[in-house]
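Please keep the sequence and the structure in view while reading.

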Amino acid sequence: MNIILFEPHEMGKPLPRRDERTIHLLKVLRKKAGDSFDAGLLGGNVGTGFIEDIKFDGSIVYILDLKEAPPPRYPVRLAVGFPRPIQIRRILRDLSNLGLEAIDLIGTELGEKSYRDTKLLTDGGARAALIEGAVQARDTRIPLLSAYTSLDEWLGERPWDKPQSPEHTSDFSWNIYAAGLSKNRSPILIAADNVRPEGTLANLSALGQSMVLAVGSERGWSDAERDKLEAAGFLRLSMGDRALRTETACTAAAILALEKTGVLG
């Protein structure tokens, strides 16, 4: 853990003995009463925590001094065809760690239908993976996560064109200005495709615009889906000739997109 994150409802309550954060502070970092640690409020500021006392039952009494804004999340939205549940955890963790603003899971024609029934979206597993990625980056904010039954539904909804709800406003509007991007320019729409590409993502010149990325499932896009993406304004761009694992393709596409937006410096 590079930062100890607290949920708003935990404020003022001791950290229980068996909490993984308590174990990390006491066993890994070997903190004692009076010591400080990097801390943050989920969805809020970052700063410093102080251990006031370690109680007889092993719980930690702490105070927080959180005055700094968290690092910005970047104006890249990535949609991916539902992968295997074990891959979902890794993908969500890594994309959250990279600082993406939104992640969409979508059903695709060639994707395994049973993957859409994963309980990760309802049992807290997906959220835990997003938080894990944020903690690694010393961040307090996580990407907005959504699920769609099909590519048709996702393209019909066009979530990238809709204003975000108040609880996610800070995750979507602040970073456009922080990255020097114009909110008045529509995002560039890209579908990763190694079968019928119109060019390569590496050669794209798109500095100064946000991006929406679409990555297919393990078996890629069907021809019908390629036509639908093209009709919706997506450029079909490759990332080389190799067939990539889903999580590899997501990470590679995200890093290339971040570089093209200019937020990496």
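## Thr22 and its surroundings

A polar atom of the Thr22 side chain lies 2.7 Å from the backbone oxygen of Pro16. The model is predicted: local features need pLDDT of at least 70, side-chain atom pairs count only at pLDDT 80 or more, and totals for chains, interfaces and linings use all residues. Residues are numbered from 1 along each chain as its sequence is written, and side-chain values use heavy atoms, with hydrogens and water left out.

Thr22 belongs to helix α1 (residues 20–28); helices are DSSP runs of H or I with at least four residues, strands are runs of E with at least two, and both are numbered from the N terminus. Thr22 counts as buried because its relative accessibility is 1%, the cut-off being under 20% relative accessible area with a 1.4 Å probe, protein chains only. Beyond neighbours within four places in sequence, Thr22 is in contact (heavy atoms within 4.5 Å) with Leu15, Pro16, Arg17, Lys27, Gly58 and Ile60.

## Contact of α2 with α3

In α2, Arg89, Leu92, Arg93, Ser96 and Asn97 meet residues of α3, including Gly125, Ala129 and Leu130. The residues of this contact comprise 5 nonpolar, 5 polar and 3 charged; Ala, Val, Leu, Ile, Met, Phe, Trp, Tyr, Cys and Pro count as nonpolar, Asp, Glu, Lys and Arg as charged, and the others, Gly among them, as polar.

## The whole protein

The protein has 8 helices and 11 strands. Its C-alpha trace spans about 65 × 40 × 35 Å along the principal axes. Of its 265 residues, 48% count as buried.

Technical notes:
Buried < 20%, exposed > 50% of the residue type's maximum accessible area, 1.4 Å probe, protein only. Polar contact = N/O pair within 3.5 Å; in protein donor to acceptor, adjacent residues only side chain to side chain.
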